[in-house]
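Biologist: I would like to go through this chain with you. Please give me the criterion behind each label.

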Amino acid sequence: MSGRREPVPFAFVAEADSFRSNVTPPPRERASVGQLAGRWLLGLTLVAGLVGSLVIGMPAMSSDPSGAGTQQSQASEGR
């Protein structure tokens, strides 16, 4: 690739790199107490749901070989 720059047909595109606006954006609004409480409550609900699903799902994911042989159906007992 060559290092030279291609000519730009529009002058404003060529000057866009050096353009700086003197207009400052308005300051952000601070969240109210209710909004902050709602965000915290939503976050705690999500974390509690993830922890709860792990607690409930861990016994199903464990592979305990000793517990597998102790369960027998009534059909295997010969009744």
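Modeller: This is a predicted model, where local features need pLDDT of at least 70, side-chain atom pairs count only at pLDDT 80 or more, and totals for chains, interfaces and linings use all residues. Residues are numbered from 1 along each chain as its sequence is written, and side-chain values use heavy atoms, without hydrogens and water.

Biologist: Why does Val55 count as exposed?

Modeller: Buried means under 20% relative accessible area, exposed over 50%, and partly exposed in between (1.4 Å probe, protein chains only). Val55 has 58% relative accessibility, so Val55 is exposed.

Biologist: Where is Val55?

Modeller: In helix H2, residues 33–61. Helices are DSSP runs of H or I, at least four residues, numbered from the N terminus.

Biologist: What makes H2 lie largely in the open?

Modeller: Of its 29 residues, the number buried is zero, so H2 lies largely in the open. For the chain of 79 residues, buried residues make up 0%.

Biologist: Which residue marks a bend in H2?

Modeller: Val55, with a bend of about 25 degrees. The bend is the angle between axes fitted to the seven residues ending there and the seven starting there. Pro59 follows within four residues.

Biologist: Why is Ser62 called partly exposed?

Modeller: Its relative accessible area is 45%, so Ser62 falls in the partly exposed class. Ser62 sits in the loop between H2 and helix H3 (65–68).

Technical notes:
Helix = DSSP H or I, 4+ residues; strand = E, 2+ residues; numbered from the N terminus.
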